[in-house]
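Q: Please take a close look at the interface between the chains and describe it in one connected account. Which contacts cross it, and what does each side contribute?

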Amino acid sequence: MLEKTFCSSPWFHIRIDSGGNYLPCRWAAWSEINTPKHNNISNTSLIGYMNSEVMNAVRTKMLNAVPMKLCDYCYNDEKNNRVSGRQKQLLKSVITLDQFQNTLCASPHYEDFRYSDINYGRTQTTPVDLQIEIGNTCNSACIMCAPKHSSKLVKDYEKLHHLDQTLFPIYQIGKNWTDDKKLIEKFVREIGELNNIKYIHFLGGETLYIKSFYDICNQLIKTGQSKTISLGTTTNCTVANADLENIIRNFQHVHLGLSVESFHKVNDYVRYPGDINDITRNINTFLKLREETDLHLALRITPNILTIYHIDTVFEFMLENKITAESCNFLQDPKCLRIEYLPIDLVNDIRSKIDLIINKYNLKETNQTIINERRKDLIDPVINQLIFEYKHLLDKLVEPDDADSQRKDLIKFLKSFESIRKNNILTYLPEYEEFLRSYGY
Amino acid sequence: MKNFYEATATRSELTIDVRLILIPIGKDIPCQVKINDEVVFDEPLSSMKTIAGEVTLIDPISFAVKIQRQHPQAVKLVLAVDNKEIIPKYQHLAQPNTDYLDSNEVWTLNIPNFYSWYHTITGQGWIA
């Protein structure tokens, strides 16, 4: 059925990874990304990629309701009754799943879809929504992250590889496309030529720690293009500087995603070597800036088996500061950090703490599903929706068959990191002592 | 729909519901209602009247209501399209911008493409 698989994203969105490879979607599964046939920013223009073999094939499959592995992430979200990237992209074409046929046929992009349908997937549209990955340079080495996203983890994994080759595979460091000034100039020039880019989302590493982020933004400010472009990025909140403030004040609109797992010291263990006090101070700086500018803030949380225990601190911060959270997925990799491996007694502790929040703030569940979670008028309902979503996900948790082996891997994983960081999880999470000790900690 | 081609085959036949309620304040108020320039109601209004129908999905929709009132007569309007409240909620988009007709000026509301228009007026976010 078309409504189960169709997405309008390939008609207006493309992504460039840190190596400069073009990809069809920001939500695309990583396994798809590592295929060798990619077009690269060094040999293909933004508009050229829109009519590449890859994109024409993706659009053709979309129009013919052919499910793609590329889209697994969204299929999975929808299977779990979560708002998917597909739904968010469809909304930008004024298509909703509850009235799919009518909204598809009335979509302002209908003629674009039709053109592709009779022209082997080709399109006359140009990209308006970009995700640009500028490299893995990062000042953090979060344990749940991967070397491809953190230069610091590359070094840690090299040190830990001899302890377990599966848990700590060696990452082949590639060149970041943003290291080449000519490619940055080419990119900015092409954006100017397209003249209709509405949104650029930058990803790192730690974007605000990477010089090329400022280089690109400052060039867009210099050419005046920043006035018509909304900018988005995600930060680990360890950086807040005047250059960033200048960018916030000069782009049409800036969306800042704040990666934080917990407002508790366990965040320091997980987002090593961050300090939750510094991070909170920087978030408060952003909150003040939000009052003066059109800055939009949202927390980006990806709870894992450790940080889920203090998820209530995140919810309380959201409620107290009127700040939403988005793209909030439970962690999948490394597998041993998934929350489903948490013993039921600890899960029950978390559920009780969430219930306390629900009672304290008198939250009521509604049937409303909010697709665009960035609407300023819907901050309270979005927070509400998220808290109940977590409550239900925890209610439904089932212990997997491989719990024992994954819990043993968890101990090995933590002890390996602790051997080079000289820290101890029980200092941060004494509540986990019985659980961790019983698996060999 | 198995594929997009099926959508192209049925598109011109798709419709959306329109429901306009006229609530008179006073009796025997001459009232004419046009939807897409077609007169769908034209008679004196003494009690609440509901005009329900369908319009094609892909065409613009225009509403025009004209009354000939004597002071202090008036007509109150309630409009829903596709079961979504339009008037009085978005009366600021009508001309004149009211749901309460107490003059003989023609009241009009023009909707170019219903879903795109509704997306915009309800602040659903940017259209790519």
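The interface of chain A and chain B

A: Across the interface of chain A and chain B, 14 residue pairs are in polar contact, both residues of each pair being at pLDDT 80 or more; a polar contact is a pair of N or O atoms within 3.5 Å, and within protein one atom must be able to donate a hydrogen and the other to accept it, while residues adjacent in sequence count only if both atoms are side-chain atoms. The model is predicted, so local features need pLDDT of at least 70 and side-chain atom pairs count only at pLDDT 80 or more, whereas totals for chains, interfaces and linings use all residues. Residues are numbered from 1 along each chain as its sequence is written, chains are lettered from A and ligands numbered from 1 in the order in which they are written, and side-chain values use heavy atoms, with hydrogens and water left out.

The rule also finds 1 salt bridge across this interface, a salt bridge being a side-chain nitrogen of Lys or Arg within 4 Å of a carboxyl oxygen of Asp or Glu. E111(A) forms a salt bridge with R11(B), and their closest N and O atoms are 3.9 Å apart.

On the side of chain A that touches chain B, the elements giving two or more residues are α1 (2-5), α7 (100-106) and α8 (110-118) of chain A. Helices (H or I, at least four residues) and strands (E, at least two) are DSSP runs numbered from the N terminus. The largest share of this side, 7 residues, is supplied by α7(A). By class, the side of chain A that touches chain B has 16 nonpolar, 7 polar and 8 charged residues (Ala, Val, Leu, Ile, Met, Phe, Trp, Tyr, Cys and Pro count as nonpolar, Asp, Glu, Lys and Arg as charged, and the others, Gly among them, as polar).

In total, 31 residues from chain A and 27 residues from chain B take part in the contact, where contact means heavy atoms within 4.5 Å. Chain A and chain B bury about 2,500 Å² between them, and 59% of that area lies on carbon and sulfur atoms. Buried area here is the accessible area (1.4 Å probe) that two parts lose on being put together, summed over both.

Taken along the principal axes, the C-alpha atoms of chain B fill a box of roughly 55 × 30 × 20 Å.
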